[in-house]
Amino acid sequence: MSKAGGIQLHIRNVNKSFGTTSVLSGIDLNIKQGEFVAIVGRSGCGKSTLLRLIAGLDEATSGAILLDAQGIQGIHKDTRVLFQEHRLLPWKKNIDNVRIGVKSGDKEIAYKALQQVGLEHKKDDWPAVLSGGQRQRVALARALAGNPRLLLLDEPLGALDALTRIEMQQLIEQLWLEKQFTVLLVTHDVSEAVALADRVILIEDGKIGLDLKISLARPREHDSGFAYFEKIILDRLLVKQHYETAKTAAEAFSI
Ligand SMILES: Nc1ncnc2c1ncn2[C@@H]1O[C@H](COP(=O)(O)OP(=O)(O)OP(=O)(O)O)[C@@H](O)[C@H]1O
């Protein structure tokens, strides 16, 4: 029997290099059972790399990643990952794509997962006839069907239009409140991070530059409190960008 509730995560002094290029250095992070954490940062800062290490899809160069106090060894049975691309198999009907996520292959469980994302009526359709948002919902259903305790989301809403994106955010929040799994969401969208997360982690220069608790009630409104948190994060991202731009300009003019 798997344990109920979310997975607890401890990251201790994790470093990751590709060849001689260091991407992550000295990452320390504790995530509580059932916490919703968003990871933001400029393009290429190492967000996806960190997520892949936690998913067990890649190995840290040094340091430790503990899931429920156990050192990670490959993909944990209670972890599911959702990527920006839906990764559905085009030759399988939606219900059969969701069944891939069920260990026993049980069709009932797959059907229930499709119900949870509001797409049970599309069970016998092919992924090709769905909209982009619907395909992402089927991919989410496939992840849910595995009854995850840790859900890793790597920009899963990045390719969706603004309205569908907000609907998906609400669906993810509602499922998280119901099921109490732990969530790590990598996103470029600061507003999305503030809308969903208990904590926002900002990565810069391969380190944690900011670890901000979002102390706003749910469901979140776009009010002055929301704008306050958005500004803290955006200011931090932009200050860094201004610094980089100034540095590049200074180098170009040999200042
Ligand atoms: N398998 C790999 N081999 C070599 N370099 C890699 C590999 N994976 C990632 N990198 C490098 O590591 C750095 C961080 O990449 P990563 O994808 O984690 O960034 P990111 O913050 O998720 O970026 P984005 O927001 O653009 O998706 C980049 O410079 C990238 O080129």
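1. A word on terms before we start: two strands pair if DSSP finds at least two bridges between them. Strands (E, at least two residues) and helices (H or I, at least four) are DSSP runs, numbered from the N terminus. With that in hand, look at strand β1 (residues 9-18) and strand β4 (residues 62-67), which run antiparallel and are joined by 5 bridges. In β4, S62 is the bridge partner of N15.

2. Please keep in mind that this is a predicted model, where local features need pLDDT of at least 70, side-chain atom pairs count only at pLDDT 80 or more, and totals for chains, interfaces and linings use all residues. Residues are numbered from 1 along each chain as its sequence is written.

3. Now the sheet as a whole: 4 strands form an open, antiparallel sheet in the order β2-β1-β4-β5. Its edges are β2 (21-31) and β5 (70-71), each pairing on one side only.

4. Next, the ligand. Among the residues surrounding the ligand are F18, V23, K47 and H188 (near means a C-beta atom, placed from the backbone, within 6 Å). Helix α1 (residues 47-55) gives the most to this shell, 3 residues. The shell divides into 3 nonpolar, 7 polar and 1 charged (Ala, Val, Leu, Ile, Met, Phe, Trp, Tyr, Cys and Pro count as nonpolar, Asp, Glu, Lys and Arg as charged, the others, Gly among them, as polar).

5. Finally, the protein is divided into domain 1 (1-78 + 151-232) and domain 2 (89-147), with bounds from an automatic or database domain assignment.
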